[in-house]
Amino acid sequence: ACEDHRMHAWYIPQMGPAPRWCHYLDSLTEELEESTKTTMYEDYKFVTRAQLEAWGVQDLIGTDALRAYMHGFFIDVKLYRKIQSVA
């Protein structure tokens, strides 16, 4: 009788309201949507080395204009938009 695998229940707010037995999830997700939390890199855009080379701005690597992160760089959004308008 209890030989079945456990079935996990997942709640996806985009698919509709929460079931009656977990109605508190609706209010919890609404609270999370309302909270505006600023992140450390909110004013930065992530770019890869290949993108920098395609735009011809690989000279910025190693300067204060780029912050190295994992397999790419963070660039200021204002500078990113300037590069996009020229490229």
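Two strands count as paired if DSSP finds at least two bridges between them, and a strand here is a DSSP run of E with at least two residues, numbered from the N terminus. Keep that in mind for the notes below, and remember that this is a predicted model.

1. Start with the hairpin. Strand 2 and strand 3 form it, with two residues between them. Strand 2 covers residues 66-69 and strand 3 covers residues 72-76, and the two pair in the antiparallel sense over four bridges. If you want a pair to look for on screen, find leucine 66, which stands opposite isoleucine 75 in strand 3.

2. Now look at the turn. What is the phi of methionine 70, roughly? It is positive, about 50°, although methionine 70 is not a glycine. You'll find this residue in the loop between strand 2 and strand 3. Methionine 70 is exposed, because its relative accessible area is 72% and the cut-off for exposed is over 50%.

3. Strand 3 has another partner to check. Strand 1 (44-48) pairs with strand 3 in the antiparallel sense, over five bridges. Isoleucine 75 turns up again here: in strand 3, isoleucine 75 is the bridge partner of lysine 45. So is strand 3 mostly covered or mostly open? Mostly covered, with four of its five residues buried.

4. Next, the charged spot. Glu30, Glu31, Glu33 and Glu34 form a negative surface patch. Take glutamate 33 as an example: it sits in helix 1, which runs over residues 24-34. Glutamate 33 counts as exposed because its relative accessibility is 62%, and exposed starts over 50%.

5. There's a greasy spot too. Trp10, Ile12 and Met15 make a nonpolar surface patch of about 450 Å². One of these, tryptophan 10, is in the segment before helix 1. Is tryptophan 10 buried or exposed? With 74% relative accessibility, tryptophan 10 counts as exposed.

6. Histidine 5 also lies in the segment before helix 1. Its relative accessible area is 74%, so histidine 5 is exposed.

7. Finally, have a look at tyrosine 41, found in the loop between helix 1 and strand 1. Why is tyrosine 41 called partly exposed? Its relative accessibility is 27%, and partly exposed falls between the cut-offs of under 20% for buried and over 50% for exposed.

Methods:
Residues are numbered from 1 along each chain as its sequence is written. This is a predicted model: local features need pLDDT of at least 70, side-chain atom pairs count only at pLDDT 80 or more; totals for chains, interfaces and linings use all residues. Side-chain values use heavy atoms; hydrogens and water are left out. Patches are made of residues with over 30% relative accessible area and no salt bridge: like charges are joined within 9 Å, nonpolar side chains (Val, Leu, Ile, Met, Phe, Trp, Tyr) within 5 Å. Accessible areas come from the Shrake-Rupley method with a 1.4 Å probe; for residues, only the protein chains shown count as cover. A salt bridge is a side-chain nitrogen of Lys or Arg within 4 Å of a carboxyl oxygen of Asp or Glu. Lys and Arg count as positive and Asp and Glu as negative; His and the chain ends are not counted. The place of a charge is taken as NZ of Lys, CZ of Arg, CG of Asp or CD of Glu. Buried means under 20% relative accessible area, exposed over 50%, partly exposed in between (1.4 Å probe, protein chains only).
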